[in-house]
Amino acid sequence: MHDPYVPMQGWCAVSGNGKMNGIVHALERLSTWSDVPYIYLEDLFVAPDARTGGIGRALIEAVYAHADSIDCGRVYWHTKTDNLIAQKLYDRIASDKSFMMYKR
């Protein structure tokens with residue numbers, strides 16, 4: 001993330017006492033479907049004792065702000081189908097779950 005030639009960004013959420021409560025990583029990528037880049041939100045983690053306090057939302061909004069600053073066409077991510085707690089947040093701040101993910 002410190003290499004200027006690698007289009008990856010990262011943010012963290014730190015409490016007033018200096019404890020890191022969450023992280024997010026995002027990767028900028030080109031698309032054959034768009035003339036502006038997309039951002040893949042690759043990692044989002046909030047410490048279990050800090051969940052439901054708005055940290056996950058704030059980290060995603062940091063990615064959104066970065067996407068807006070580079071005129072990004074889309075921010076997207078994947079989550080496990082059984083990650084129901086996270087999906088409650090995602091359903092409030094994102095839309096369009098029309099794709100399935102296949103992998104090898």
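Let me start with a definition: a charge sits over a ring if NZ of Lys or CZ of Arg is within 6 Å of the ring centre and within 35 degrees of the ring normal. Here is the case in this chain. The charged end of Arg74 sits over the ring of Tyr38, 4.5 Å from the ring's centre.

A word on the model. It is predicted, so local features need pLDDT of at least 70 and side-chain atom pairs count only at pLDDT 80 or more, while totals for chains, interfaces and linings use all residues. Residues are numbered from 1 along each chain as its sequence is written, and side-chain values use heavy atoms, with hydrogens and water left out.

Now the overall layout. The protein chain has two helices and four strands. Both kinds of element are DSSP runs, numbered from the N terminus: helices are H or I with at least four residues, strands are E with at least two. In sequence order the pattern is β-β-β-α-β-α. The C-alpha trace spans about 45 × 35 × 25 Å along its principal axes. Of the 104 residues, 28% count as buried. Buried means under 20% relative accessible area, exposed over 50%, and partly exposed in between, with a 1.4 Å probe and protein chains only.

What about contacts, meaning heavy atoms within 4.5 Å? Take those with a separation of 6 or more: residues 24 or more positions apart account for 46% of them.

Next, helix α1. It runs over residues 55–69, 15 residues in total, and reaches 21 Å from its first C-alpha to its last. That is close to the 21 Å expected at 1.5 Å a residue; the expected span is 1.5 Å times one less than the number of residues.

Which residues of α1 are buried? They are Ile55, Gly56, Leu59, Ile60, Val63, His66 and Ala67. They cover an arc of only 140° around the axis, which puts them on the same side of α1. The arc is that of the directions from the helix axis to the C-beta atoms. An α-helix has 3.6 residues a turn, so residues three or four places apart point the same way. The buried residues pack against β1 (8–14), β2 (20–29), β3 (38–46), β4 (74–76) and α2 (84–93). On the other side of α1, Asp68 and Ser69 are exposed. Just after the helix, Asp71 takes a positive phi of about 55°.

On to the rings. There are two aromatic pairs. Rings of Phe, Tyr and Trp (its six-membered ring) pair if their centres lie within 6.5 Å; planes under 30 degrees apart count as stacked, over 60 as edge-to-face and the rest as tilted.

Tyr40 is in strand β3 and Tyr76 in strand β4, 36 residues apart. Tyr40 counts as buried at 19% relative accessibility. Tyr76, at 24%, counts as partly exposed.

Trp77 and Tyr90 form a pair too, with centres 5.3 Å apart and planes at 70°, so this one is edge-to-face. Trp77 lies in the loop between β4 and α2, Tyr90 in helix α2, 13 residues apart. Both Trp77 and Tyr90 are buried.

Last stop: the segment before β1, where Tyr5 lies. Is Tyr5 buried or exposed? At 76% relative accessibility, Tyr5 counts as exposed. The C-alpha atoms of Tyr5 and Met20 are separated by 27 Å, with the two residues 15 apart along the chain.

Note on methods. Contact = heavy atoms within 4.5 Å.
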